[in-house]
Each structure stands twice: as C-alpha cells, then as structure tokens.
Amino acid sequence: MEECIFCKIVNNEIPSEKVFESDSVLAFQDINPKAPVHILIIPKKHIKSIASESSEEVAKELITVAKQIAMDKGIVGYKLLFNVGKEGGQMVDHLHLHLLSGKVVELL
Ligand code: AMP
C-alpha cells in the first residue's frame, strides 16, 4: 500500500529503530512511546486490522514474535494490545501489535 506509513517502514522508505525482522514480520520502537518499553510488531504484508478476514494466523505469528522479544530483552511483565478501528484507538491502518511494559500513559 503506497500511502501506508508502516508499509513505508517495511520498505525502508521511512527510518525505524528495528528490534526484530524476519521474512514476514518486522518489530520496531514506537516513535511516540506510551510506556518505558513500547515496541510495535507488524506483518510485512499489508493487512488493515485484526478485524480483517483471516488475520488470526498472522496475529498468532505477531504474538509469537512479541513473546520472543520479551524473553530476549528480559521483559518479565508486559501488555500486548491490538487496537481495532478508529473507535478502538487504531490510528495506523496496518495491523500492529503493541508490546508495552512499565507504566503506560495515555492509552487510547
Ligand atoms: P495505533 O493507535 O494502535 O494505530 O498505534 C499506532 C502507533 O504507531 C502509535 O503508538 C504511534 O506512536 C506509532 N507510530 C506512528 N508513526 C510511527 C513511525 N513512523 N515510527 C514508529 N512508530 C510510529
């Protein structure tokens, strides 16, 4: 998707602080962190949200990566969050899983 900022991050058209990368998944630091640890885990393929058809398999992969990142970084307690749709606080229409740890501020 040409206008999607997360697709642009995947294509290295916008810089990001990468945490993890595989053939299908990318994780990077949130540019405006809402907690001391705030990492976004996204599929490289453009999928709008968790409400999109057949997103479950991809969601499972994102969760697996989140768990791995938490383990690798020694993050003991954390939250995993999917915002779904504008009314659900989703500002970027590219499926992403928030990995948050520490005190969370201004969660929509
Ligand atoms: P959401 O509200 O669930 O759509 O979350 C989108 C998240 O993407 C927010 O926490 C933003 O701070 C984050 N974000 C937006 N643009 C960028 C960017 N260029 N690099 C990293 N994170 C971003």
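Before we click anything, one term: contact here means heavy atoms within 4.5 Å. What you're looking at is a predicted model, where local features need pLDDT of at least 70 and side-chain atom pairs count only at pLDDT 80 or more, while totals for chains, interfaces and linings use all residues. Residues are numbered from 1 along each chain as its sequence is written, and side-chain values use heavy atoms, with hydrogens and water left out.

**Stop 1: the core**

Select Ile69. Leaving aside neighbours within four places in sequence, Ile69 is in contact with Val19, Phe20, Ala27, Ile39, Ile41 and Leu99.

Buried means under 20% relative accessible area, exposed over 50%, and partly exposed in between (1.4 Å probe, protein chains only).

**Stop 2: the pocket**

Next, select Phe6, Asp30, Ile31, Lys34 and Leu40. Of the 26 residues that line the largest pocket, these lie nearest its centre. How is a pocket found? On a 1 Å grid over the protein atoms alone, a cavity is a set of points where a 1.4 Å probe fits but cannot get out, and a pocket is an open set with protein on both sides within 12 Å along at least five of seven lines; lining residues have an atom within 4 Å of a point.

Helix H1 (5-10), S2 and S3 are the elements that give two or more residues to this lining, and H1 provides the largest share, three residues. The volume of the largest pocket is about 490 Å³, counted as the space filled by probe spheres set on the points, with grid points joined across faces, edges and corners.

**Stop 3: a glutamine in a loop**

Go to Gln90, in the loop between strand S4 (79-81) and S5. Is Gln90 buried or exposed? At 2% relative accessibility, Gln90 counts as buried. Show its polar contacts (pairs of N or O atoms within 3.5 Å; within protein, one must be able to donate a hydrogen and the other to accept it, and residues adjacent in sequence count only if both atoms are side-chain atoms). The Gln90 side chain reaches the backbone oxygen of Lys48 at 3.0 Å. A polar atom of that side chain also lies 2.9 Å from the backbone nitrogen of Gly85.

**Stop 4: two positive phi angles**

Select Asn12, in the loop between H1 and strand S1 (18-21). Its phi is near 60 degrees, a positive value in a residue other than glycine. Asn12 is exposed, with a relative accessible area of 55%.

Then jump to Ser54, in the loop between S3 and H2. Phi of Ser54 is near 60 degrees, again positive in a residue other than glycine. Ser54 is exposed, with a relative accessible area of 55%.

Terms used:
Helix = DSSP H or I, 4+ residues; strand = E, 2+ residues; numbered from the N terminus.
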